[in-house]
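I opened the notebook to jot down what I looked up in this structure, one entry at a time.

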Amino acid sequence: MTGATVQHPLFARIWPIIAAHEAEAVRDLRRENLAGLSGRVLEVGAGVGTNFAYYPQTVTQVVAVEPEPHLTAKARAAAVDAPIPVLVIGDTAEHFSAGGSFDAVVCSLVLCSVNDPVGVLRHLRSLLRPGGQLRYLEHVASAGVRGRFQQFVDATFWPRLAGNCHTHRHTERAIVAAGFDVDAARREWTLPAWAPLPVAELALGRARRPLG
C-alpha cells in the first residue's frame with residue numbers, strides 16, 4: 001500500500017545514523033510519549049521506526065506513515081522486530097486516509113517538517129475517534145537569542161539539510177488551532193542551553209479530540 005512520497009535523499013541517509021546515536025534523554029521522552037497507549041494507533045512520520053520498540057503491549061496495531069522511500073524501507077525492517085503489530089505505509093500525513101478511526105495519533109519530531117502544520121493536525125484530528133488522543137514530542141520555537149538563531153537557520157540552510165525541518169515552529173499553538181484540547185504539556189531541554197544547535201528544546205504533550 002503506497003501513496004504520496006517525499007524525496008529527501010541526503011537527509012534519508014543521515015537520519016538513520018543520527019537515530020542510532022540518539023541521546024538517552026530523547027529516548028526517555030519517546031518512551032514517556034507512548035506510555036499508556038492502547039488500541040489502534042496512527043504514527044505519523046515514523047522515520048526509521050525508532051518508536052516501534054517502545055509501544056506497550058496494550059496497543060493492538062500501529063499504522064505507521066512515512067513518505068520518504070529510503071526511510072520507509074528502514075521502518076519496515078524495524079517493524080519485523082516490534083513487540084506489537086506494525087503496518088508501515090509509504091504516504092504523507094496530508095494524503096493518508098484510513099478505514100475506521102484511531103484511538104491515538106503519535107507525532108514524534110515530524111510536525112516541524114510539514115508545510116501546513118494546522119492543516120495536517122486538522123486532518124489527523126479527523127482520523128481520531130471522539131476523545132482519542134494526540135501524543136506529541138516535537139521541536140518547538142525557543143525564545144530570545146536561540147529563537148533568532150532558529151529563524152536564521154530556517155530561512156537559510158536547515159530545511160534543505162534536515163528534510164524540511166523548521167526549528168522555529170509554534171507547534172503547541174497549531175495543535176490548539178486545529179481543534180484539540182491539550183490535557184498536559186511541558187518543555188524539555190535535551191542539550192545544554194549553550195549548545196549551538198537549533199533543536200535542543202522539545203515539547204512533550206497529550207491532547208485529545210473533543211467528544212462533542
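**Entry: helix α3**

I started with α3, residues 69–80, in what is a predicted model. This helix has twelve residues, and I got 17 Å from its first C-alpha to its last, close to the 16 Å expected at 1.5 Å a residue. Next I looked up which of its residues are buried, and found L71, T72, A75 and A79. Looking down the axis of α3, I saw these buried residues fall within an arc of 105 degrees, so they line one face of the helix. I reminded myself of the general rule: an α-helix has 3.6 residues a turn, so residues three or four places apart point the same way. What do the buried residues of α3 pack against? They pack against α1 and β3, the latter being residues 86–89.

**Entry: helix α5**

My list of buried residues here reads R146, G147, Q150, V153 and D154. Down the axis of α5 they fall within an arc of 125 degrees, so they too line one face of their helix. On the other side of α5, I noted V145, R148 and A155 as exposed. The buried residues of α5 pack against α6 (158–161) and β6 (181–189).

P196 is in the loop between β6 and β7. Is P196 buried or exposed? It has a relative accessible area of 66%, so P196 is exposed, the cut-off being over 50%. P196 and R146 are 50 residues apart along the chain, yet I got 8.6 Å between their C-alpha atoms.

**Entry: helix α4 and the cores**

For α4 (117–127), I found P117, V120, L121, L124 and L127 buried. Their arc, seen down the axis of α4, is within 110 degrees, so they line one face of the helix. The elements that cover these buried residues include β1, β4, β5 and α7.

That took me to the largest nonpolar core, which has 27 residues. Which residues have the most contacts inside it? I wrote down L42, C107 and L134. At least two residues of this core come from each of β1, β2, β4, α4, β5, α7 and β7. The largest share is from α4, which supplies four residues.

I then picked L42 and left aside its neighbours within four places in sequence. Its contacts are V63, V65, F96, F102, A104, V105, V106, L124 and L127. There is also a second, separate core of 18 residues, which includes Y55, V59, V62 and A104.

**Entry: the largest pocket**

How much space lies in the largest pocket? I noted about 1,100 Å³. The pocket is lined by 47 residues, and the closest to its centre are F11, W15, L109, H139 and A162. I looked up where the lining comes from: α1 (9–20), α2 (24–34), β1 and α6 each supply at least two residues. Helix α1 gives the most, with four residues.

While I was on α1, I checked P9, which is found in that helix. At 48% relative accessibility, P9 counts as partly exposed. P9 and V63 are 54 residues apart along the chain, and their C-alpha atoms are separated by 24 Å.

Last, I went through backbone angles. L109 is buried, with a relative accessible area of 17%.

N164 also went on the page, with a positive phi near 70 degrees, and it is not a glycine. Where is N164 found? I placed N164 in the loop between α6 and α7. Why does N164 count as buried? Its relative accessibility is 19%, and buried means under 20%.

How values were computed:
Residues are numbered from 1 along each chain as its sequence is written. This is a predicted model: local features need pLDDT of at least 70, side-chain atom pairs count only at pLDDT 80 or more; totals for chains, interfaces and linings use all residues. Side-chain values use heavy atoms; hydrogens and water are left out. Buried means under 20% relative accessible area, exposed over 50%, partly exposed in between (1.4 Å probe, protein chains only). The arc is that of the directions from the helix axis to the C-beta atoms. Contact means heavy atoms within 4.5 Å. A nonpolar core is a set of buried Ala, Val, Leu, Ile, Met, Phe, Trp, Tyr and Cys residues joined through side-chain atoms within 4.5 Å. On a 1 Å grid over the protein atoms alone, a cavity is a set of points where a 1.4 Å probe fits but cannot get out, and a pocket is an open set with protein on both sides within 12 Å along at least five of seven lines; lining residues have an atom within 4 Å of a point. Grid points are joined across faces, edges and corners, and a volume is the space filled by probe spheres set on the points. The expected span of a helix is 1.5 Å times one less than its number of residues.
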